[in-house]
Every structure is written in structure tokens, then in C-alpha cells.
Amino acid sequence: MLGCIVSGRLVQTDFQQVGETQFLINIPEADNINHIVIFLTGETPLPIGLAGSVYFSWPDPAAPPNWQLLGYISNSKPSAIFKISQLKKLDEIGSSASSQLSIFGSQPISHIAQVGVSIEPEQNVIQQTPSTTNTTTYLQFGRKMLENFFNFSSSFALTQSQMVPNPNETFVPLSTLQTWYTNFERRLQQNPNFWKS
């Protein structure tokens, strides 16, 4: 019923049923993948009123799979392309991802990426928000936090003539904070999760 395409590779249709309505497929050598396509083969349509939530898990040699919601497929939307390169090593930040940890049952530690499809009522599936939106949320949070820190620190700025010598106090030039802020914001834009590595 389900298929997967990774650019430059043969079509994969070897989804394994791991629950009554849950299916998994392994994606070897996932580090070089930018996009995947998940589709209904057309051989067997989904039952009326149901759709498939599509999840992705990067391999973590130290932990069982953690799942990120990518989106969905349904009879009216039988295929979807998902960008996964931005999800690399995201480690499922956020409460919505952590609540999905056991959606595909108790899975052993995996050394290859996996795609999971969970067949659920279409109304529920369409209302779910993919994990990729968390990236924007964390980017916004990071920026606001940096601005707050910089503004707070700047409010204590003194000129050299205003400084009173105090051997127990360490002073940091405001330009150092500005440089740190600029570098941190640049790195946050490149990878909102760089701070995890």
C-alpha cells in the first residue's frame, strides 16, 4: 500500500507493519539525503476517512527512535515530498515530538534512519502540525532571548571615565557582547539546533 522514494535510489515498498495501523521502513545511509517522497502505491487505497501521518527518525546509536512528524498522505493527497535535511540531529525538540516517542511501539536502538506511517482518522491527521515548524519557533525564541540578554547587559554599560576601580569586579567590553550576539545569531540561522552539538 505504501512506497518511499529517495532521490537516486530504487523505489522502496518494503514497509513492515509494526502495529495494527503503524508501518515502518528503513532508510539506509540517510546522511546524504535531502528529500524523501512517501506515497500510496494505488494497489490498495486507505479506508474512507483515514489518512497516514508520516514520521521520520534519524539514527541515534545511544537511544531508541524519536519521531518527528513530517506531514501526511491520504487518498486525496496520495503522495508528498518531505525535506529532511533540516531535521538532521534535531533530536526531537519540543513536547509534540516527545509525546510521539512510542507511537510505533517499543523500538530497539536503530543505526539507520526510519520512516513511520501511522494510519489515523483524516480529521485528526490534517490538524497536526509537522515538527519542522518547531525550527521556526526555536529560531524566533533564540532571537528574542539574545535580544533580551544583549539589552539587559547593555543597560549596565559604563564609559571608562564612569568606571570606579574595583579589583573584585571583571569588566567585559560591550563590543565583545555585540560580536558574540552577531556570531550566535548567524549560527542560529544556519542551524537552529547547533547549540546541541
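View 1. On a 1 Å grid over the protein atoms alone, a pocket is an open set of points with protein on both sides within 12 Å along at least five of seven lines, where a 1.4 Å probe fits, and lining residues have an atom within 4 Å of a point. The largest pocket is lined by 13 residues, and Phe156, Ala157, Phe171, Val172 and Leu174 are the closest to its centre. Its lining divides into 9 nonpolar, 4 polar and no charged residues. Here Ala, Val, Leu, Ile, Met, Phe, Trp, Tyr, Cys and Pro count as nonpolar, Asp, Glu, Lys and Arg as charged, and the others, Gly among them, as polar.

The model is predicted: local features need pLDDT of at least 70 and side-chain atom pairs count only at pLDDT 80 or more, while totals for chains, interfaces and linings use all residues. Residues are numbered from 1 along each chain as its sequence is written, and side-chain values use heavy atoms, with hydrogens and water left out.

**View 2. The chain has 4 helices and 8 strands.** Helices (H or I, at least four residues) and strands (E, at least two) are DSSP runs, numbered from the N terminus. From that end the elements run β-β-β-β-β-β-β-α-β-α-α-α. Of the 197 residues, 37% are buried, where buried means under 20% relative accessible area, exposed over 50% and partly exposed in between (1.4 Å probe, protein chains only).

**View 3. The largest nonpolar core has 25 residues.** Such a core is a set of buried Ala, Val, Leu, Ile, Met, Phe, Trp, Tyr and Cys residues joined through side-chain atoms within 4.5 Å. Phe15, Ile27, Ile36, Ile38, Val54, Phe56 and Val115 have the most contacts inside this core. At least two of its residues come from each of β1 (2–6), β3 (22–27), β4 (35–40), β5 (50–57), β6 (68–74), β7 (79–83) and β8. Strand β8 gives the largest share, 4 residues. Another core, of 8 residues, lies apart from this one and includes Leu139, Leu146, Leu177 and Leu188.

**View 4. Phenylalanine 56 is found in strand β5.** Phenylalanine 56 counts as buried because its relative accessible area is 0%. Leaving out residues up to four places away in sequence, phenylalanine 56 touches Ile36, Asn66, Trp67, Gln68, Leu70, Ile84, Ala113, Gln114 and Val115, a contact being heavy atoms within 4.5 Å. Its C-alpha atom is separated by 6.3 Å from that of glycine 116, 60 residues apart along the chain.

**View 5. Glutamine 114 is found in strand β8 (residues 113–121).** With 8% relative accessibility, glutamine 114 counts as buried. Its side chain makes a polar contact with the side chain of asparagine 26 (3.1 Å). A polar contact is a pair of N or O atoms within 3.5 Å; within protein, one must be able to donate a hydrogen and the other to accept it, and residues adjacent in sequence count only if both atoms are side-chain atoms. Beyond four places in sequence, the residues touched by glutamine 114 include Leu24, Tyr55, Phe56, Pro65 and Trp67.

**View 6. Glutamate 29 lies in the loop between β3 and β4.** Glutamate 29 has a positive phi of about 50° although it is not a glycine. At 64% relative accessibility, glutamate 29 counts as exposed.
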